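Open the model in your viewer and keep the selection tool at hand. The stops below go one at a time.

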Amino acid sequence: MPHELPKAYEPGAIEARWAEYWVREKLFHVETPPPDLSDPRSSEPDLPEPGSSDTGSPNHESRPVFTLLLPPPNVTGRLHMGHMLNQTQMDIIVRWHRMRDEVALWLPGTDHAGIATQMMVERQLASEGIKRRELGREKFIERVWEWKRHYGGAILDQMKRLGASVDWGREYFTMDDNLSAAVKEAFVRLYEDGLIYRGKYIVNWCSDCGTAISDLEVKHEDVAGKLYEIRYPVVDAGAQSESGSGSGLGPSSGEAEFITVATTRPETMLGDVAIAVNPADERYLHLHGKHVMLPLMNRKIPIIADELAQPEFGTGAVKVTPAHDANDFEAGQRHNLPQIEVIDEHSKMNVNAGPYAGLDRLAARARIVEDLSTQGFLVGTKDYTIAIGKCDRSGTIVEPRLSTQWFIKIAPLAKRAIEVVEKGYIRFTPENYAQIYLNWMNNIHDWCISRQLWWGHRIPAWYCGQCKEVVVAREAPTACTKCGGAKLEQETDVLDTWFSSGLLPFTALGWPAATRDLDVFYPNQLMITGFDILFFWVARMIMLGCWFMAPPHKPSSRGSSSGGLDSDGSVSDGPILNATGAAFSVGHSHSSLKSKSSRLESDDSLRDSVPFREVYIHALVRDAERQKMSKTKGNVLDPIEVIGQYGTDATRFTLAAMAAPGTDIAFSESRTAGYRNFANKIWNAARFMFMNVDRIDSGLRPDSRKGHPARAGVTSFSDATLEDRWILSRFNRAAGDVNSSLKTYRFDEAAARIYDFFWGDLCDWYLELIKPRLLFDEGADSSVARVACTNLVNLFEASLRLLHPVMPFITEEIWHAMYDGKPPLKSIALAAYPARDEKQTNFEAETEMSILQDLIVSVRNLRAELKVEPKVKIPVEVFAHEPAMRAMLEKNANAVLLDRPANVEKITFVEQSLANMAGTRSTSRFDVHAIYEKKIDVAAERERLKKELEKIEKQLGGAQARLGDKQFLGKAPAHVVDGLRKQVSDQVILREKIDAQLKELPVP
RNA sequence: GGGCGGUUAGCUCAGUUGGUUAGAGCGCCUGCCUUACAAGCAGGAGGUCGCAGGUUCGAGCCCUGCACUGCCCA
């Protein structure tokens, strides 16, 4: 491969090629390590010391394992910025671990996404004029599969474009046969554990989706509405004298007494079964046990005393509608009240609604309000802000409705899920999410897991046509376990999508079989996801993981070599899946719950039951104006478009650089443009390097003798000159910093550090400083150039490895080119991540170099100030009062002479301070004076010096005051005091120099 | 109503257990097409860290109150 790269970096030309290469070459496939020997897992999340492990023999896997599960995108999904952020962070972390010589498994898959997918296909059918129910369940499901085969892979294809280094050989779909079997198994076991029950409860009902949805799927929204005040006549009021005494009581007319209640949903009054007042509310004491007549329905209903009614709210009396309100439902149970449903599953009034039957509930509301008004029961109407519940999917207003559903009794699962976080077995980053998680977990409600959908995992329960027994079983039973009847019908409901995805950390590794994968890769090391699915998914994974991966559910490979996964990943007969179709064995009956808890005897089994050791919660990506991206606002940034414009690497870098913990990301394209420029900078630095390699030694390649394990520092680098020692030290410092930033998920710090090193140190200084050594004259000794070029090549190769996790494409491209298309490894992604080598850090070189940089910058400053033409060379004089400093500067004067922007003709070291001359810059260490006849702008110079003097005096004043303060000296640590003394002595020198210079300036 | 966060340069954001002179990118101003890069180079301006108190030898950072603002839950 010729080293001729195009002048401008064109990401489009290289990225697609490498993305395809990585997939084709199966570079990120992880074989299941053979069952053997020592436990290959790293017990600590800490990284191995660089260079400490040997390469190891190939058939003995002793490397640490790193497992990460991709939050499975919906099959209906299109890649958005949130995915891109999420995947960029995961990819950086996984590539980093892989380069640290760990077994790094990133497991991809897609989620069947029950409601979303069903809606999508229904919409498609609608365009053909077909309704789902006309088609029938089986045909409909076939259509969904067809749709999935067609469109379901779109998002994964987009992922490939991002360069996501997942193991494509292990891709799963949540409706795959083995995963479906695992879901069924989990359901049956939970049922056997006594944690699943079925019953008629209030659920959130979406009439549009035609299904119950969980609390989490309801989004609350404040809307302007009305509060209707309705008065109910007390029919058996005893004490007339009390009537009308309370301000909240309805107006009494004649002998009648009323109770006034307020509601935002007057149509539900048709289902009222009581009026509740607070037991402590004195206004209503006389009415306890009395009745009111329900207007419009003429039904006599009791007045009950219940905490449901809050005295301070409204009149202190509330209507009770158990069939259409969750709180009322509970109150109804407390008082044994009937449940009267008046709204059906299509949000229409039903037969119980009497004259209003058949009306849509909103139409009914209008009629009811009108009728109440005419009949004198409507006391008033107020404007009111209602927190309305809407379906997350369809946006339809959710109606609380009575219906028969399947639930998970959540408390026992939550108990463990709380414990593992409290004990630190799962750590959150940022840490405050642990508290948010615990708050939610401590107030958790039972989880409604049934959905009235067709697309999903059908609940493995059968109803006996004869005795109505419910049989829960792994396979379709042939006869009722109670009466032996053969007429059995399976439950039509399917499971909540989050039930199956909540099992993924272990089902994706082969559970319930005792697989080697499960042994090696569970628990996952990390979960990276957004806070929006913290409760939906993360919490459920923790609950289910800690339940199923602890004894007795945890499959154990010890002592049972049979069973488990075949090498092709299919489930073979194991001891667990052998359980057959019979309902469930007596030994696993509900009473086993207690024994199960006691069997979780050791803390270790709880510690190792967690689905992942760490959770990193990333921010939300917003638009540049900090607005939430939404289709309706039209401010959605398509990552693929951004990639098209700036490249994947630049987009990834943007997301990494802006991913500071705790704040949302306001994605601004100007940043992406900046990082595209960064990529271009690297590209051109590479061009410069190749130009020199071709000219000096076209056979020069990076030293590749040492591949893995993670190697420290730069190899084959000879640090003869100051700039060599300096860049080597800077590189190692950067490598150390980047590693520690990534360790704590500080993607922003890591990105910034790499950027500063590559651009600020390597390109801005080092490349400029070595140019003279590279540009040897014709016929001259080329050995100096050869050494410089070798250094450059090895340094550059190491720098590419440092950058690779963030910018995988450009680094891969240049890296391959450096080896002339014959690299020692298939990919830079398989090379070692640089670690800091203490021996290569050199504090002295860094200090000296920074003084030289000061000197060079001072000359550049003087040139700008004196308005010297860029092409004109100028002589300078330098004074340093400390002999050691002078010696250092003299020794390295060449660096100053060779700096192009400074464009110095000659350096003369002088014996006297230059501070009192115009055209001088001073630091506490040296003075530098530019010899140039052009007059300086006296006024501007005076202004500048005065400003600087003011600043110094202000700082000096403060510092000296502190140094004179006994309390400060007594209490501040020594290094602070010493630092301050140094600052003062430096600034005193500087102040004198500036004073001198000011005095020499001609008086205006 | 309960909970969590944010407020630092014109914009978007860093700023570690409190410690010496608060940083970056973009934008802006000045000068350069210098033989890797004008997607570049060099130089520069710009901040009483939301407000008011407190703790401390020392506060952008800790505490209290206030203002504005975002999100989650009910």
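Start by selecting Asp-748. Beyond residues up to four places away in sequence, Asp-748 touches Ala-656, Ala-657, Ala-659, Ala-660 and Pro-661. This is a predicted model. Show the helix around the residue next: Asp-748 belongs to H22, which spans residues 747–774. Is Asp-748 buried or exposed? Its relative accessible area is 12%, and buried means under 20%, so Asp-748 counts as buried.

**Helix H19 and its partner**

Select residues 648–657, helix H19, together with residues 81–99, helix H2. Their axes lie 9 Å apart, and the packing angle is about 90 degrees. That angle is why H2 is roughly perpendicular to H19. Now show the side chains. From H2, pick Met-81, Met-84, Leu-85, Thr-88, Asp-91, Ile-92 and Arg-95. They meet Thr-648, Thr-651, Arg-652, Leu-655 and Ala-656 of H19. Colour this contact by class: 6 residues are nonpolar, 3 are polar and 3 are charged.

**A second crossing**

Move to residues 114–127, helix H3, and residues 137–151, helix H5. At what angle do the axes of H3 and H5 cross? The crossing is at roughly 100 degrees, and the axes come within 10 Å. H3 and H5 are therefore roughly perpendicular to each other. On the H3 side, select Thr-117, Gln-118, Met-120, Val-121, Glu-122, Gln-124 and Leu-125. The contact of H3 with H5 divides into 7 nonpolar, 3 polar and 2 charged residues.

**The nonpolar cores**

Select Phe-653, Phe-747, Leu-795, Phe-796, Ile-814 and Leu-889. These have the most contacts inside the largest nonpolar core, which has 140 residues. H22 gives this core its largest share, 14 residues. Centre the view on Leu-889. Leaving out neighbours within four places in sequence, Leu-889 is in contact with Ile-851, Leu-852, Leu-855, Val-878, Ala-880, Phe-909 and Phe-926. Another core lies apart from the largest one. It has 73 residues, including Ala-182, Leu-438, Ile-459 and Ala-539.

**Phe-690**

Go to helix H20, residues 669–696, and pick out Phe-690. Phe-690 has a relative accessible area of 2%, so it is buried.

**Where to read with care**

Colour by pLDDT. Which residues stay under 50? One such stretch is residues 40–58, with 32 contacts beyond four places in sequence in the model. Residues 239–254 are also below 50, and this stretch has 24 contacts beyond near neighbours in sequence. Where pLDDT is low, the predicted coordinates should not be read in detail. For chain A as a whole, the mean pLDDT is 80, and 87% of residues reach 70 or more. The model scores are ipTM 0.91 and pTM 0.84.

**Zoom out**

The secondary structure comes to 30 helices and 31 strands. Of the 1004 residues in chain A, 54% are buried. Among its contacts with a separation of 6 or more, 79% join residues 24 or more positions apart.

How values were computed:
Residues are numbered from 1 along each chain as its sequence is written. Chains are lettered from A and ligands numbered from 1 in the order in which they are written. Side-chain values use heavy atoms; hydrogens and water are left out. Axes are lines fitted to C-alpha atoms, for helices over the stretch in contact, and angles run from 0 to 180 degrees between N-to-C directions. Helices (H or I, at least four residues) and strands (E, at least two) are DSSP runs, numbered from the N terminus. Angles under 35 degrees count as roughly parallel, over 145 as roughly antiparallel, 65 to 115 as roughly perpendicular and the rest as oblique. Contact means heavy atoms within 4.5 Å. Ala, Val, Leu, Ile, Met, Phe, Trp, Tyr, Cys and Pro count as nonpolar, Asp, Glu, Lys and Arg as charged, and the others, Gly among them, as polar. Buried means under 20% relative accessible area, exposed over 50%, partly exposed in between (1.4 Å probe, protein chains only). A nonpolar core is a set of buried Ala, Val, Leu, Ile, Met, Phe, Trp, Tyr and Cys residues joined through side-chain atoms within 4.5 Å. pLDDT is the predictor's confidence in each residue, from 0 to 100.
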